[in-house]
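Here's a walk through one protein model, taken a few elements at a time. Keep the structure open beside the text.

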Amino acid sequence: MNKTDRLLAIVLELQRKGVVRAEDLAARFETSVRTIYRDMQALSEASVPIVGEPGVGYSLMEGFFLPPVSFTVEEAVSLLIGAHFVEQKFDPRYQERARSSRSKIEAVLPQQVRAEAANILTTMRLLAFASDTPAGKQEKEWVEKIRQALLDAKKVSFHYRKSLAEEDGNRDSVRVVAPYGLALVGGSWTMIGHCDLRDGLRHFRLSRMSQLAITEEGYQRPPDFNLHAYKPMDDRKTYVRLLAQRDIAERIKESNYFFLEGWEDSSDGLLITLRVRQTEEVKQWVLGWGAHLEVLEPEMFRKDIREEIEKMIKRY
């Protein structure tokens, strides 16, 4: 951080916290206390009303307020995404405040920054936060790289490992994709784009990618594609019926499990319906409840669970 940026950041820190010690500012900006002393002198000479009290710290004279500052594209996008999340997830009072804040932020942005921020926002979407698990370091790097590919309209290549194997038993493939957008679903980032291998729109979880690279091949996103209005095709056509014991019924209701289609209380327990593409998708979830959960149908899935339990018994 250069001196000019640090001086502005110091004023913002004082404005935000009220009173700050030189030692804390030095730690915050990774510099020496002596440098902070010189910065305070420079701010005073620039007519910023700094008040210093020995043993207490520095503060701004009461009534002083730094006028609105300019935002970079990345800063503007961060604020607007945050406001959009509040609009989606908070109560009506805060939803209204978030809409108001978003309007004010957009109003003070220069035209070029506003246009670039709007362009990026069309390629990013927040859906559900069912998981509190933070994204890993690699996933965050992929988000940054794909975001750059979206800005430059360049295709990306990567190795991809599917959660379920194809008919030939293979789970791995090399893909070249024209990215249309990023969506945060259940705490995991997913890229939506046109896959050259499958010649169609596909979804790819970033956590299953490796060797991601931006290619030199450009593309044009279809003008009628709207990420925020886009709904993927629902191909979950297989229904799984389960019976849960009463002691886990409330936990299942509150689980917000993606495949959970519905439930019904009965004299025997909680009758549960899951809707899946393949029963393999929910196999581990069903086994995770142990003897508290019973598969009723389809019979082939019931048999599959029974065989898995028998393998476990042999192992133990």
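Which residue in strand 12 is the bridge partner of G262? T273 is the partner.

Before going further, a word on the ground rules. This is a predicted model, so local features need pLDDT of at least 70 and side-chain atom pairs count only at pLDDT 80 or more, while totals for chains, interfaces and linings use all residues. Residues are numbered from 1 along each chain as its sequence is written, and side-chain values use heavy atoms, with hydrogens and water left out.

**Strands 11 and 12, and what follows**

Strand 11 (residues 260-266) runs antiparallel to strand 12, and six bridges join them. Strands here are DSSP E runs of at least two residues and helices are H or I runs of at least four, numbered from the N terminus; two strands pair if DSSP finds at least two bridges between them.

Buried means under 20% relative accessible area, exposed over 50%, and partly exposed in between, using a 1.4 Å probe and protein chains only. The side chain of E281 also has a polar contact of 2.7 Å with that of R277. (A polar contact is a pair of N or O atoms within 3.5 Å; within protein, one must be able to donate a hydrogen and the other to accept it, and residues adjacent in sequence count only if both atoms are side-chain atoms.)

**Antiparallel pairs side by side**

Strand 6 (residues 172-185) is mostly covered, with 10 of its 14 residues buried. Strand 6 pairs with strand 5 and also with strand 7. Here are those two pairings:

| Pair | Bridges | Sense |
|---|---|---|
| Strand 5 (residues 154-161) and strand 6 | six bridges | antiparallel |
| Strand 6 and strand 7 (residues 188-195) | eight bridges | antiparallel |

To find your place in them, look for V156, whose bridge partner in strand 6 is V177, and L184, whose bridge partner in strand 7 is W189.

Now for an open sheet of three strands, with antiparallel pairing and the order 1-3-2. Strand 1 (19-20) and strand 2 (50-53) stand at the edges, each with a single partner strand, so one side of each has no neighbour in the sheet. Strand 1 pairs with strand 3 (residues 57-60) over two bridges, and V20 stands opposite Y58 in strand 3.

Helix 1 (residues 3-17) lies across strand 1, strand 2 and strand 3, running at about 85° to strand 3. Helix 1 also packs against helix 3 (residues 33-45), at an angle of about 85° and with the axes 10 Å apart. The two helices are therefore roughly perpendicular to each other. Axes are lines fitted to C-alpha atoms, for helices over the stretch in contact, and angles run from 0 to 180 degrees between N-to-C directions. Angles under 35 degrees count as roughly parallel, over 145 as roughly antiparallel, 65 to 115 as roughly perpendicular and the rest as oblique. Among the residues that meet are L7, I10 and L14 in helix 1, and I36, M40 and L43 in helix 3; contact means heavy atoms within 4.5 Å.
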